[in-house]
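Q: I want a close look at a single part of this model. Please stay with that part, then place it in its surroundings.
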Amino acid sequence: MTDYYRVAAFPRSSRDADKVLVGKQHAYLEGVRATVCGFGLVQMRRFEQLPFSASPPSERCLLCDRVVRAASH
Ligand SMILES: [Zn+2]
């Protein structure tokens with residue numbers, strides 16, 4: 001059920017608005033403390049309304065993408 005995965009990303013700079021999504025997009029599950037690939041979510045911005053499955057493949061973290069796709073099969 002890949003729809004459960006949400007998007008998280010590192011802030012590129014302190015000027016980044018919370019709503020602006022830049023850089024690699026990582027996947028995480030609600031209620032956990034780290035992304036699929038192991039980054040701590042505390043230092044990342046979470047996009048709780050944004051399903052990872054809706055991210056453009058070119059913007060996805062490769063490791064997260066691989067794990068999420070493996071989980072869907
Ligand atoms: Zn990742």
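Which residues are linked in a network of salt bridges?

A: Arg-60, Asp-65 and Arg-69 are linked in that network. A salt bridge here puts a side-chain nitrogen of Lys or Arg within 4 Å of a carboxyl oxygen of Asp or Glu. The model is predicted: local features need pLDDT of at least 70, side-chain atom pairs count only at pLDDT 80 or more, and totals for chains, interfaces and linings use all residues. Residues are numbered from 1 along each chain as its sequence is written, and side-chain values use heavy atoms, leaving out hydrogens and water.

Take the pairs in turn. The structure holds two salt bridges. Arg-60 meets Asp-65 through their side chains, at 2.9 Å from N to O. Asp-65 also pairs with Arg-69, where the closest N and O atoms are 3.2 Å apart.

Asp-65 and Arg-69 both sit in helix H1, residues 62-71. They are four residues apart, about one turn of the helix. Helices (H or I, at least four residues) and strands (E, at least two) are DSSP runs, numbered from the N terminus.

How covered are these residues? Relative accessible area sets the classes: buried is under 20%, exposed is over 50%, and partly exposed lies in between (1.4 Å probe, protein chains only). Arg-60 and Asp-65 are both buried. Asp-65 has 7% relative accessibility. Arg-69, at 48%, counts as partly exposed.

His-26 is buried at 5% relative accessibility. Cys-37, at 22%, is partly exposed. Contact means heavy atoms within 4.5 Å. Leaving aside residues up to four places away in sequence, Cys-37 touches His-26, Cys-61, Leu-63 and Cys-64. With those sequence neighbours again left out, the partners of His-26 include Arg-6, Val-7, Ala-8, Phe-10, Phe-39, Met-44 and Phe-52, as well as Cys-61 and Cys-64. Cys-37 and Leu-62 are 25 residues apart along the chain, with 9.1 Å between their C-alpha atoms.

Move on to strand E3, where Leu-50 lies. Leu-50 is partly exposed, at 30% relative accessible area. Residues up to four places away aside, it touches Tyr-5, Arg-6, Val-7 and Leu-21. Leu-50 and Tyr-5 are 45 residues apart in sequence, yet 8.6 Å apart in space, C-alpha to C-alpha.

The surface has a nonpolar patch of Tyr-4, Leu-29 and Val-32, with about 270 Å² of accessible area together. Patch residues have over 30% relative accessible area and no salt bridge; like charges are joined within 9 Å, nonpolar side chains (Val, Leu, Ile, Met, Phe, Trp, Tyr) within 5 Å. Accessible areas come from the Shrake-Rupley method with a 1.4 Å probe; for residues, only the protein chains shown count as cover. Tyr-4 belongs to the segment before strand E1 (5-9). At 57% relative accessibility, Tyr-4 is exposed.

Finally, the whole chain. It has one helix and three strands, in the order β-β-β-α from the N terminus on. Of its 73 residues, 30% count as buried. Among contacts between residues at least 6 apart in sequence, 60% join residues at least 24 apart. The protein chain exposes about 5,000 Å², and carbon and sulfur atoms supply 53% of that.
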